[in-house]
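Open the model in your viewer and keep the selection tool at hand. The stops below tell you what to select and what is there.

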Amino acid sequence: MIVALLNQKGGVGKTTLALHLAGEWSREGKRVTLIDADPQGSALDWSEQRARDGFPRLFGVIGLARDTLHREAPELARDADHVVIDGPPRVAGLLRSALLAAELVLIPAQPSPFDGWASGEMLKLIEEARIFRPLLVARFVLNRCAARTIIARETAETLAEHEPPVLAARIGQRVAFADAAQSGRLVAELDDASPAAREITGSRWRSCGAGVMSERSAKRGFASRPGDADSWVRTPEPPPASRLPEDFSARLTIDVTPALRGRIKVTAFRRGMTVADMLRALLDREFPDDGGAAP
Ligand SMILES: Nc1ncnc2c1ncn2[C@@H]1O[C@H](COP(=O)(O)OP(=O)(O)O)[C@@H](O)[C@H]1O
Ligand SMILES: [Mg+2]
């Protein structure tokens, strides 16, 4: 199974949970490969730290922070029981590619009313990815929960009403996770009986993969139009928020063939953008503002 830990927000526990999920599966005797899809390479750092300190290797960690992940991860999955993808922090081609690579997406989220974690952006991306991977399964995982707070409960209640649903298993805010990250260890290796270790080993997040695995054969590969999936992955970033519609006071009119206009409209539709936004992004790329041109 290919599981991706994804959230465009940093610091929510993607790397921590990816390492511990891979670690738990390895300890069960499964062959696991962890793909570090974050250009910052913190999972790679963890495994290097581990090797330096002479701890036994549990699973291989491969740095693969590029937007061809959805093509390469299934190849790697052939030689492993499980592939775990530690996702990148920003909304970018990399995140879309990781979404397409995954059979199960786990979205770590910190229960905080200020966090904006029930992230509209992430949900929108999952919806879009389902155009290409209709059976993609997604779940929230609450991480860094303070003990018995009202916020945690309210967050869980809000999440329960949402699609994707939240896993019942929650991970507390525990210093053991930070210690493990720094020392190239897993929390269970630091102290098998610690609350952190019990939360990880007891988590139902592994069994949530069971339903996914049973449908595995149906989900492999792209059922439809791989070319479209690739262009979705490469959707240009939306223009910066500072570009308000009022800025668009100059008008540009060009004549094109009806066939080209048709292709432009279909492409914009597939990318979920307006024709105007797509063309503005295209023109921005082609004619970057280098400060030299007069208005
Ligand atoms: N449950 C937790 N309790 C305490 N610290 C945590 C927990 N989960 C993650 N951390 C710490 O928070 C920081 C960010 O976590 P990380 O997994 O790197 O997030 P991300 O990969 O989403 O950016 C790290 O220092 C990590 O050790
Ligand atoms: Mg990370």
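**Whole chain**

Colour the chain by pLDDT, the predictor's confidence in each residue, from 0 to 100. The chain averages 84, and 80% of the residues score at least 70. Select residues 32-36, strand S2, where the mean confidence is highest, at 98; then select helix H11, residues 216-219, where it is lowest, at 46. Where pLDDT is low, the predicted coordinates should not be read in detail.

Now switch to a cartoon view. There are 14 helices and seven strands in the chain. Helices (H or I, at least four residues) and strands (E, at least two) are DSSP runs, numbered from the N terminus.

**Ligand 1**

Which residues are closest to ligand 1? Select Gly13, Lys14, Thr15, Thr16 and Phe177, the closest of the 16 residues that surround ligand 1. A residue is near the ligand if its C-beta atom, placed from the backbone, lies within 6 Å of it. Helix H1 (14-27), strand S6 (137-145) and helix H7 (175-183) each give two or more residues to this shell.

Stay in S6 and select Arg144. Arg144 is not a glycine, yet its phi is positive, about 60°. Arg144 counts as buried because it has 20 C-beta neighbours inside 10 Å. The cut-offs are these: a residue is buried if 20 or more other C-beta atoms, placed from the backbone, lie within 10 Å of its own, exposed if 12 or fewer, and partly exposed in between.

Select H7 and look for its buried residues, which are Ala176, Phe177 and Ala180. They lie on the same side of H7, because they cover an arc of only 100° around the axis; the arc is that of the directions from the helix axis to the C-beta atoms. On the other side of H7, Val175, Ala178 and Gln182 are exposed. The buried residues pack against H1, helix H8 (187-190) and helix H9 (195-202).

Move on to Gly184, which follows H7 and has a positive phi near 70°. In the loop between H7 and H8, select Leu186. Is Leu186 buried or exposed? Leu186 counts as buried, because it has 26 C-beta neighbours inside 10 Å. Leaving out residues up to four places away in sequence, Leu186 touches Leu19, His20, Gly23 and Ala180; a contact means C-beta atoms, placed from the backbone, within 7 Å.

**The core**

Finally, select Ile85, one of the residues that touch the most other members of the largest nonpolar core, which has 65 residues. Such a core is a set of buried Ala, Val, Leu, Ile, Met, Phe, Trp, Tyr and Cys residues joined through C-beta atoms within 7 Å.

Note on methods. Residues numbered from 1 in each chain as written. Chains lettered and ligands numbered in written order. Predicted model: local features only at pLDDT ≥ 70, side-chain atom pairs only at ≥ 80, totals over all residues. Contact = placed C-beta atoms within 7 Å.
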